[in-house]
Amino acid sequence: MPFRLVYTAGTHGYAEPCGCSTMQTGGLARRATILAELTGPRILLDAGGILPPAEHLAYALRKSQTLAYYAAAGYDVASLAADDAAQVEAAAELARSVPLVCLGRESLGAIPVPDYRLVRPQGADRPVLAVFGYGVTSSALSAEALARRLDTQIPAARSQAADAIVVLADATVAGELPDLGAELRVGDLVLAYGGASVTLLSGVEVVGVPRDFGDRVGVIAATPVTRAGGSSTLRWSPPQIIALGAEVAGDEATRDLLVRTADAVVPTLPKPAVLARPAGMAGSPACAGCHASAFATWSASKHATAFTPLVEKGKSTRPDCVPCHTIGFSRSPVLGYVAENVQCETCHGLGADHVSSGGKTLTVLREPRALCGGCHDKAESPEFYFPTYWRTIEHGREAPKAADVP
Ligand code: HEC
Ligand code: HEC
Ligand code: HEC
Ligand code: HEC
């Protein structure tokens with residue numbers, strides 16, 4: 001029976017696009033919409049990179065949303081990449097609701113995760129795939145030992161009526177996967193998380209799945225074929241990649257789930273505090289007298305009201321939202337910011353000395369263009385290009401107003 005292999009990866013806890021840009025892609029509600037449209041017999045896999053980075057400001061929130069989504073999404077198999085496996089507690093929680101596989105499971109301690117699982121698409125009368133997770137090594141298990149283990153397990157998996165072996169390999173650990181099982185043969189398939197697409201000497205297709213695959217869904221059609229000897233195997237189509245752009249409407253039920261999870265978790269997160277203004281800070285209004293035109297340009301720009309969209313979206317107390325929409329964000333000793341909005345001194349540095357000297361002390365930063373990317377990064381501002389963005393907020397060419405200079 002022909003079926004589709006549907007695969008995801010690289011979620012990194014990125015549950016919802018934050019709204020920073022209409023171009024922004026990804027998010028679990030959009031993924032749910034696409035998965036619901038892919039009807040018919042299928043097997044749903046995740047190749048890893050599921051959990052958020054442990055050091056993320058809103059780790060607790062993103063982890064909870066991710067776990068809630070994966071528990072509800074109906075994955076047939078998911079593999080843990082090294083980053084996930086390092087988060088032992090969260091990985092254990094994931095293991096309770098998602099069928100995980102991990103060949104190097106020694107590194108997962110007490111989490112009961114098998115080397116492989118047998119799966120079948122709906123309507124098939126027997127398992128058609130044996131899906132392995134591969135690549136999470138530990139000091140106790142070298143890459144060679146892992147490859148040997150794969151080779152000994154493959155015949156056992158094949159004998160359980162599986163037509164093909166699928167390996168969810170973490171290439172971020174195993175590099176170019178040089179030791180990948182010698183027992184693999186034509187008809188088997190490797191999804192290489194963080195690796196490149198190649199064809200192995202044995203004729204096995206390796207499909208590269210980039211680490212930032214969270215904004216896409218992959219689909220490979222599988223067609224059963226009978227070998228010369230009478231045994232059956234599968235022929236795989238080239239992957240079709242579906243982008244989760246703004247044109248994909250988010251699934252309502254999934255969005256509700258994410259919102260409900262956030263409502264439960266956000267009150268437990270540290271609320272950003274409003275920090276004392278440092279002595280060296282003058283504040284944007286203090287610049288207006290001498291740099292009237294720069295001040296007028298800034299006042300009319302979205303930087304001057306950058307905090308407003310957070311208030312409108314009810315996200316103004318979220319520790320993962322305030323850093324780029326405020327001035328003076330700091331994590332320690334307490335998490336907080338000095339004032340709302342992106343201000344003159346966000347880009348030019350502290351200006352109190354400059355102001356009190358009547359502009360004679362040039363303590364201010366003159367060419368802060370290198371700072372833009374700290375906020376206008378790939379996720380929040382994918383269209384950012386300095387020359388076009390700068391044109392919108394261009395200022396500072398005029399001479400400071402002499403009359404105001406003492
Ligand atoms: C890494 C920095 C950064 C973080 C963190 C961040 N933002 Fe933004 N945000 C930006 C930038 C930069 C823009 C402007 C993007 C552009 O126009 O290219 C923006 C724009 C927005 C906009 C669009 C405003 C408008 O005028 O249309 C909204 C809404 C928004 N952000 C909400 C959020 C929320 C909610 C969060 C937290 C989940 C968040 N942002 C976290 C940098 C950030
Ligand atoms: C009392 C008037 C005055 C105030 C207030 C003032 N400046 Fe200036 N600023 C000047 C003068 C005069 C210069 C030019 C100094 C020079 O070129 O020697 C200058 C230069 C600058 C420059 C470098 C521009 C250049 O041509 O070299 C920047 C950037 C700047 N100011 C930013 C600010 C910011 C930000 C604030 C508010 C925190 C501010 N200024 C407040 C008078 C002022
Ligand atoms: C501290 C974070 C931060 C830095 C640094 C930053 N931006 Fe922004 N920028 C934002 C945010 C947040 C928004 C969105 C505000 C909104 O839509 O309400 C934004 C919006 C903009 C916009 C849209 C403005 C408009 O009025 O339409 C432009 C253009 C822009 N930034 C250019 C730049 C450039 C150029 C730099 C570097 C010189 C820069 N930004 C540095 C956070 C930042
Ligand atoms: C988003 C970042 C950003 C903000 C906010 C910002 N500036 Fe600037 N400013 C720049 C950049 C970038 C340049 C220099 C552009 C270049 O490299 O030619 C500049 C240039 C200037 C200059 C001329 C510097 C020179 O050497 O010619 C002055 C004066 C100035 N800004 C004042 C201000 C004042 C006053 C405010 C607030 C009312 C302000 N800026 C807000 C980014 C910013």
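## Basis of the model

The model is predicted: local features need pLDDT of at least 70, side-chain atom pairs count only at pLDDT 80 or more, and totals for chains, interfaces and linings use all residues. Residues are numbered from 1 along each chain as its sequence is written, while chains are lettered from A and ligands numbered from 1 in the order in which they are written.

## Two domains

The protein chain is assigned domain 1 (3-262) and domain 2 (271-404). These bounds come from an automatic or database domain assignment. The C-alpha centres of the two domains are 42 Å apart.

Eight residues of domain 1 contact 10 residues of domain 2. Contact means that C-beta atoms, placed from the backbone, lie within 7 Å. On the side of domain 1 that touches domain 2, five residues are nonpolar, three are polar and none is charged. In these classes, Ala, Val, Leu, Ile, Met, Phe, Trp, Tyr, Cys and Pro count as nonpolar, Asp, Glu, Lys and Arg as charged, and the others, Gly among them, as polar.

Helices (H or I, at least four residues) and strands (E, at least two) are DSSP runs, numbered from the N terminus. Axes are lines fitted to C-alpha atoms, for helices over the stretch in contact, and angles run from 0 to 180 degrees between N-to-C directions.

Helix 1 (residues 28-37) packs on helix 7 (residues 252-265) at about 155 degrees, and their axes are 8 Å apart. Helix 1 is therefore roughly antiparallel to helix 7. On the scale used, angles under 35 degrees count as roughly parallel, over 145 as roughly antiparallel, 65 to 115 as roughly perpendicular and the rest as oblique. The crossing of helix 1 and helix 7 is right-handed; a crossing is left-handed if the near helix is turned anticlockwise from the far one by less than a right angle, and right-handed if clockwise. Leu28, Ala29 and Ala32 of helix 1 meet Thr254, Arg255 and Leu258 of helix 7. Four of these contact residues are nonpolar, one is polar and one is charged.

Helix 2 also packs on helix 7: their axes come within 9 Å and cross at roughly 145 degrees. This crossing of helix 2 and helix 7 is right-handed. Helix 2 contributes Ala60, Leu61, Ser64, Gln65, Ala68, Tyr69 and Ala72, and helix 7 contributes Thr254, Leu257, Leu258, Thr261, Ala262 and Val265. The contact of helix 2 with helix 7 has nine nonpolar, four polar and no charged residues.

## Helix 2 against helix 4

Helix 2 (residues 59-73) and helix 4 (residues 88-97) cross at roughly 20 degrees, with axes that come within 9 Å. The two helices are therefore roughly parallel to each other. Helix 2 passes helix 4 in a right-handed crossing.

Lys63, Leu67, Tyr70 and Ala71 of helix 2 meet Ala90, Glu93, Leu94 and Ser97 of helix 4. Five residues of this contact are nonpolar, one is polar and two are charged.

## Ligand 1: between the domains

Ligand 1 has 22 residues around it, of which Cys18, Cys20, Cys321, Cys324 and Ser381 come nearest. A residue is near a molecule or strand if its C-beta atom, placed from the backbone, lies within 6 Å of it. Both domain 1 and domain 2 give residues to the shell, so ligand 1 lies between them.

Helix 10 and helix 11 each supply at least two shell residues. The largest share, three residues, comes from helix 11. The shell around ligand 1 has nine nonpolar, five polar and eight charged residues.

Ligand 3 is surrounded by 24 residues; the closest are Lys302, Ala306, Cys372, Cys375 and Thr392. Helix 10 (308-312), helix 11 (322-325), helix 12 (344-348), helix 14 (372-375) and helix 15 (386-393) each supply at least two. Helix 15 gives the most, with five residues. The shell around ligand 3 has 13 nonpolar, nine polar and two charged residues.

## Backbone features

Most residues other than glycine have a negative phi, and most peptide bonds are trans. Histidine 12 has a positive phi, near 50 degrees. This histidine sits in the loop between strand 1 (3-8) and helix 1.

Serine 332 and proline 333 are joined by a cis peptide bond, with omega about 5 degrees. Proline 333 is in the loop between strand 15 (326-327) and strand 16 (336-337).

Technical notes:
Two residues are in contact if their C-beta atoms, placed from the backbone, lie within 7 Å.
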